[in-house]
Amino acid sequence: MKHWHETRSIVERVSHLKHGPAIVATVVHIAGSAYRRPGAKLLIEETGETCGGVSGGCLEADVRGHALQMNQRSPGKLLHYDTGSDEETLWGMGLGCEGAVDVYLQPAGERFLRLRQHLAEGLPFAQVTILEGPQAGAQAIFARGTLDGSTGDAELDRALARHAATLVESGDSQIVELAPNRAFVDVLRPPPRLFVFGAGDDAQPLARLASVAGFEVTVVDHRPAYLTEERFPKPAQLLLRRPEAGLEGLNLPRQSFAVVQTHALQHDRAWARALAQKPLAYLGLLGPKVRREQVLRDLSVDDAMLFAPVGLDLGADGPEQVAISIVAELLAVYAGRDGGHLRARKGGIHGP
């Protein structure tokens, strides 16, 4: 979900550049442990200023050095970093994650700026870039079921469109082998939406942390004095609505996330009753188990989407810590994980 926000920020920055050309570095492949996943981006301006990131800070300086030496007419450059190839050199760069990372550098020209329109539409799409082969440097965008642009090879275009359609559906960005070409399909899907019902003081850290984590947050309440930008700064959206008005007209996409925490039993029940009828990915109710029973009395809710009491078991105390436990649970559900300890994982951090 971070890749959508990161790409949008970089595209906006490129569109307002006043100091000449820039280079975009994109993670296109990882093996083993790596801090960022395929699709993560770093913008390197001609002045040396940067935006975004391709690692936890260990690769940026080297990537920046390569970018500043690139010619703007270059079709692109593929960099490979492997923590197992030369232990002394790589530890000197600050690595040691026991993984490999491939980063692709390309000029941030007009083709990159074409992403702006698709980001504004808010629909899933993919940018396709030929990394290696006879069509190296060629780019196209797969959106709304069709390939916009061409590699110059009609058969290759059809193959890329088929692969892009599958990857957009799954949400995975990855390299596609179409000998003699290798292409990177960078899938960009709109971030999930989180609706927080209740604008009390404890909703403030939740909205803030969820926004930073990558969710598009909407706070819903019937009290105008609580719904202010001072309490909930942008990008959070604010919606004034009473619980009895229900969800009609509310843009609540499939697989949205919702947390109910009005602190008023009657209002919690009204919102829960309305939300129980929606195909949510997550419905969280604040409060202990006894309150869950009170809120859900006579209501039928899909157990798969119900999280009550809301949040992971972190021993949280106070609004900020409770917000952390909730956002951690939101991220786990979004990723299809159980929220356990990383030390207990058998495979890599980003493995299945």
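A residue counts as buried when its relative accessible area is under 20%. The structure described here is a predicted model. In this model, H118 has a relative accessibility of 8% and therefore counts as buried. H118 belongs to helix α5, which covers residues 115–121. Beyond its neighbours within four places in sequence, H118 is in contact with W4, L123, F125, I141, A143 and D148.

The report now turns to the pockets.

| Pocket | Volume | Lining by class |
|---|---|---|
| Largest pocket | About 1,900 Å³ | 28 nonpolar, 13 polar and eight charged residues |
| Second largest pocket | About 310 Å³ | ten nonpolar, three polar and four charged residues |

The largest pocket holds about 1,900 Å³ of space. Its lining is made up of 49 residues, and M1, R37, L331, Y334 and A335 are the ones nearest the centre of the pocket. Two or more lining residues come from each of the helices α1 (2–15), α7 (203–213) and α10 (319–335), and likewise from each of the strands β1 (22–32), β9 (174–178) and β10 (181–188). Helix α10 gives the largest share of this lining, with six residues.

The second largest pocket contains about 310 Å³ of space. There, 17 residues form the lining, and those closest to the centre of the pocket are P190, P191, P192, R193 and R254. Helices α1 and α10 each contribute at least two residues to the lining of this second largest pocket.

Note on methods:
Residues numbered from 1 in each chain as written. Predicted model: local features only at pLDDT ≥ 70, side-chain atom pairs only at ≥ 80, totals over all residues. Heavy atoms only, no water. 1 Å grid on protein atoms, 1.4 Å probe; cavity = no way out; pocket = protein on both sides within 12 Å on 5 of 7 lines; lining within 4 Å. Points joined across faces, edges and corners; volume = space filled by probe spheres on them. Helix = DSSP H or I, 4+ residues; strand = E, 2+ residues; numbered from the N terminus. Nonpolar A, V, L, I, M, F, W, Y, C, P; charged D, E, K, R; others polar. Buried < 20%, exposed > 50% of the residue type's maximum accessible area, 1.4 Å probe, protein only. Contact = heavy atoms within 4.5 Å.
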